[in-house]
Amino acid sequence: MIKSIQLWVGIIGMVLFLLSGQYFALVMNGLQDLADAPRLLLRSSHVYFFFGCFINIIFGLYYVEPKRLRWYFNANQSLIIASPFLLAYGFMFESFNAPDIDRAIGIQGAIILFAWLVTTAIGKLIVRFKRP
């Protein structure tokens, strides 16, 4: 169940990523009219959104649920399902203009991706070294 949710979140997010990239290229002239700092912030948040969607697609396709600590890994996978939503909100609605660069929601999405990575590594170590 969680694999199919991850896969669909990732696929829909990837389609939105591609559409927004085409919008940048065709309507906004490749962001060439923006100053350097706002353009880099916009592009970096666009790449973070891609990363969150890509991880969901990969784990939606290849994730094998472990026999031990199943509740831990399912909770951990729900973190990664939430990250593209936060990253998309940060990409679309948070300001990218310099002096007002408060990107609290987008940063939360990036922190969730990092927390997912750390907790997955910890869980894999526990499963590997825990005696049956």
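In which helix do D36 and R39 lie, and how many residues apart are they?

Modeller: The model is a predicted one. Both D36 and R39 belong to helix α2, where three residues, about one turn of the helix, separate them. In an α-helix there are 3.6 residues a turn, so residues three or four places apart point the same way. D36 and R39 form a salt bridge, and their closest N and O atoms are 2.9 Å apart. Side chains of opposite charge can pair when their charged atoms come close. The structure holds one salt bridge. R39 has a relative accessibility of 15%, and therefore counts as buried, since the cut-off is under 20%.

Helix α2, residues 36-62, also belongs to what covers the buried residues of α1, as does α3. Those buried residues of α1 include I2, Q6, V9, G10, G13, M14, F17, S20 and F24. Helix α1 itself runs over residues 2-26; at 1.5 Å a residue its 25 residues should span 36 Å, and its end C-alpha atoms are 36 Å apart, so the two values agree.

Helix α3 covers residues 70-93 and contains L86. L86 counts as partly exposed because its relative accessibility is 25%. Leaving aside residues up to four places away in sequence, L86 touches I105, G106, Q108, G109 and I112. Between the C-alpha atoms of L86 and L31 there are 23 Å, the two residues being 55 residues apart along the chain.

How values were computed:
Residues numbered from 1 in each chain as written. Predicted model: local features only at pLDDT ≥ 70, side-chain atom pairs only at ≥ 80, totals over all residues. Heavy atoms only, no water. Helix = DSSP H or I, 4+ residues; strand = E, 2+ residues; numbered from the N terminus. Buried < 20%, exposed > 50% of the residue type's maximum accessible area, 1.4 Å probe, protein only. Contact = heavy atoms within 4.5 Å. Expected span 1.5 Å × (residues − 1). Salt bridge = Lys/Arg side-chain N within 4 Å of Asp/Glu carboxyl O.
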